[in-house]
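Have a look at the chain, then read on.

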Amino acid sequence: MDMTVTKLCRMLDMPEEVICRVQKASEQTDCSTIDGKIEGLTKKTEWRMAYKDLQTWIGPDERGFKMLSCMMKAVQMSYAGYQEAGIAESVFWDTMKCFTRFIKEYYAAFGYYGFDRAWWVGRQLSMQLFRIGELEYEFETEDGKRVISIHIPSDAVLTPKMCRDSYERAVSFIREFFPEAAKDKFICCSWLLSPALGELLPKDSRINCFRKGFRITEWDKESREFMQWVYKRGDIAPENLPEESLLQKNMKEYLLQGGKVGEAKGELVSSPWSSSL
């Protein structure tokens, strides 16, 4: 892939304000002098160290736009890996739009744009994590065994139909491109699996229907990850939490009464929507 930073950002549907900031940061940051570090972001065994090296090289980076400009170069390098593997461009673009999603989540939390997920995106860039339909699938190792972790993007539409489509497409994708993982266990660790949600939402809600596909193996009641996803911020006192949705309202009352939401881990056992797993 050979395109300007501006064109790439537009292909990823980034807001115009962000495109301008990334372009400016790109002009001020000569990433060509660190191609090796950037390429390391696309390697499964190197991306964590490459990120740390890149962070040191960039130095102060208010709101993360210098890092984002370097990440756009890594996106282009990652594209070559997709092409070599024969993976559809639609999967590439759906996966790489995580950058745009993270930028929008930053805006939702703070009221202005920024990028603070550089520590995470090496998974996408190194072809360890792919977005297939509404959900993301990451190849991991847990207790010495390979597993496939399911992640739920913030913009995922968790209807039964959309989840079924994602599961079935993921199975086909893995069988075609990663046959060695075709029999690996599907797991998920998320606040969306918290047993507490059974009390906070209607039993036929999208979230509770999603949870029904998993056998819960662990429940960390002390985790506060849910705050970021339900309330956009993790630093709001319980009494000041917004009540703009049924979940926010019910969860606020539950928390004020001493309830614990946390996050849970589960195994995808018999999805109510898919016969492929």
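Predicted model: local features only at pLDDT ≥ 70, side-chain atom pairs only at ≥ 80, totals over all residues.

A word on burial before anything else: buried means under 20% relative accessible area, exposed means over 50%, and partly exposed is in between, with a 1.4 Å probe and protein chains only.

Residues are numbered from 1 along each chain as its sequence is written, and side-chain values use heavy atoms, with hydrogens and water left out.

**Helix packing**

Helices (H or I, at least four residues) and strands (E, at least two) are DSSP runs, numbered from the N terminus. Two packed helices are described by the angle between their axes and the distance between the axes. Axes here are lines fitted to C-alpha atoms, for helices over the stretch in contact, and angles run from 0 to 180 degrees between N-to-C directions. Angles under 35 degrees count as roughly parallel, over 145 as roughly antiparallel, 65 to 115 as roughly perpendicular and the rest as oblique.

Let's take helix 4 (residues 47–58) and helix 5 (residues 65–85). Their axes come within 10 Å and cross at roughly 130 degrees, and the pair is therefore oblique. The crossing of helix 4 and helix 5 is right-handed; a crossing gets that label if the near helix is turned clockwise from the far one by less than a right angle, and is left-handed if anticlockwise. Which residues of helix 4 and helix 5 make the contact? Helix 4 brings Tyr51, Leu54, Gln55 and Ile58, while helix 5 brings Lys66, Met67 and Cys70. Contact, by the way, means heavy atoms within 4.5 Å. Sorted by class, the contact of helix 4 with helix 5 has 5 nonpolar, 1 polar and 1 charged residues. For those classes, Ala, Val, Leu, Ile, Met, Phe, Trp, Tyr, Cys and Pro are nonpolar, Asp, Glu, Lys and Arg are charged, and the others, Gly among them, are polar.

Helix 5 also packs with helix 2 (residues 16–28), at an angle of about 85 degrees and with the axes 8 Å apart. That makes helix 2 roughly perpendicular to helix 5. On the helix 2 side, Val18, Arg21, Val22, Ala25 and Ser26 meet Phe65, Lys66, Leu68, Ser69 and Met72 of helix 5. By class, this contact of helix 2 with helix 5 has 6 nonpolar, 2 polar and 2 charged residues.

Most residues other than glycine have a negative phi, and most peptide bonds are trans. Arg63 has a positive phi of about 65 degrees although it is not a glycine. Arg63 sits in the loop between helix 4 and helix 5 and is partly exposed, at 21% relative accessible area. Met127, not a glycine either, has a positive phi of about 60 degrees. Met127 is in the loop between helix 8 (122–125) and strand 1 (129–132), and is buried, at 14%.

**Cysteines**

How many disulfides does a search of the whole structure find? The count is 0, where a disulfide is a pair of cysteine sulfur atoms within 2.5 Å. For Cys9, the closest cysteine sulfur is in Cys20, 9.8 Å away, which is too far for a bond. Cys9 is buried, with 0% relative accessibility. Cys189 is in no disulfide, as the sulfur of Cys188, its nearest, is 7.2 Å away; Cys189 is partly exposed at 42%.

**A buried arginine**

Arg117 lies in the loop between helix 7 (98–110) and helix 8. Is Arg117 buried or exposed? Arg117 counts as buried, at 12% relative accessibility. Leaving aside neighbours within four places in sequence, Arg117 is in contact with Phe102, Glu105, Gln228 and Trp229.

**Some spans**

Gly111 is in the loop between helix 7 and helix 8. Glu16 belongs to helix 2 and is partly exposed at 44%. Lys212 lies in the loop between helix 11 (206–211) and strand 5 (214–220) and is exposed at 53%. Their C-alpha separations are tabulated here.

| Pair | Apart along the chain | C-alpha to C-alpha |
|---|---|---|
| Gly111 and Glu244 | 133 residues | 17 Å |
| Glu16 and Ile38 | 22 residues | 24 Å |
| Lys212 and Ala170 | 42 residues | 19 Å |
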